[in-house]
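Colleague: Could you take a close look at how the helices pack against one another here? I would like to follow it residue by residue, so please take your time.

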Amino acid sequence: MDVAALTALAGNAVVTAAVTDAWEGVRHKIARLFGRGEPDPQIERRLDATHQALEGIAPTELEQAQADHARDWQ
């Protein structure tokens with residue numbers, strides 16, 4: 001798997017998790033990953049913004065919004 005495919009997969013995983021009940025645990029793990037063991041506050045804010053943007057979207061618009069945010073996370 002090349003790096004572009006891996007980053008696309010990771011971006012999709014972040015935004016898919018953002019609309020699940022498991023979000024808080026995933027959010028914490030991602031922030032720790034970016035912070036190399038300690039939660040990265042900047043990443044936490046970015047994750048929170050992604051979650052907030054996706055949680056209020058109508059189901060008909062969710063797929064496109066997730067694709068847009070996934071590109072941002074790549």
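Predicted model: local features only at pLDDT ≥ 70, side-chain atom pairs only at ≥ 80, totals over all residues.

Modeller: Happy to. H3 and H4 pack with their axes 10 Å apart, at an angle of about 165 degrees. (Axes are lines fitted to C-alpha atoms, for helices over the stretch in contact, and the angles, from 0 to 180 degrees, are taken between N-to-C directions.) That angle makes H3 roughly antiparallel to H4; angles under 35 degrees count as roughly parallel, over 145 as roughly antiparallel, 65 to 115 as roughly perpendicular, and the rest as oblique.

Residues are numbered from 1 along each chain as its sequence is written, and side-chain values use heavy atoms, with hydrogens and water left out. The helix labels are numbered from the N terminus and come from DSSP runs (H or I, at least four residues; strands would be E, at least two).

Back to the pair. On the H3 side, Ile43, Arg46, Leu47, Thr50, Ala53 and Leu54 meet Leu62, Ala65, Gln66, His69, Asp72 and Trp73 of H4, where contact means heavy atoms within 4.5 Å. Seven of the residues in this H3 and H4 contact are nonpolar, three are polar and two are charged. Here Ala, Val, Leu, Ile, Met, Phe, Trp, Tyr, Cys and Pro count as nonpolar, Asp, Glu, Lys and Arg as charged, and the others, Gly among them, as polar.

Setting aside neighbours within four places in sequence, histidine 69 is in contact with Val15, Thr50, Ala53 and Leu54.

H1 brings Gly11, Asn12, Val14, Val15 and Thr16 to the contact, and H4 brings Gln66, His69, Ala70 and Trp73. That set splits into four nonpolar and five polar residues, with no charged ones.

Now turn to the other neighbour of H3. The axes of H2 and helix H3 (residues 41–55) come within 9 Å, crossing at roughly 145 degrees, and this crossing is right-handed too. Trp23, Arg27, Ile30, Ala31 and Phe34 of H2 make the contact with Ile43, Glu44, Leu47, Asp48 and His51 of H3. Six of these residues are nonpolar, one is polar and three are charged.

Arginine 27, in helix H2, is buried, with a relative accessible area of 14%. Not counting residues up to four places away in sequence, arginine 27 touches Glu44, Leu47 and Asp48. Glutamate 44 lies in helix H3 and counts as buried at 19% relative accessibility.

Leucine 33, found in helix H2 (residues 23–34), counts as exposed at 66% relative accessibility. Lysine 29, also found in helix H2, is exposed with a relative accessible area of 62%.

Finally, look at the core. The largest nonpolar core has 13 residues, and Leu47 and Trp73 have the most contacts inside it; such a core is a set of buried Ala, Val, Leu, Ile, Met, Phe, Trp, Tyr and Cys residues joined through side-chain atoms within 4.5 Å. H1, H2, H3 and H4 are the elements that give two or more residues to this core. Leucine 47 touches Val14, Trp23, Arg27, Ile30, Ala31 and Trp73, leaving out residues up to four places away in sequence.

Definitions and conventions. Buried < 20%, exposed > 50% of the residue type's maximum accessible area, 1.4 Å probe, protein only. Left-handed = near helix turned anticlockwise from the far one by under 90°.
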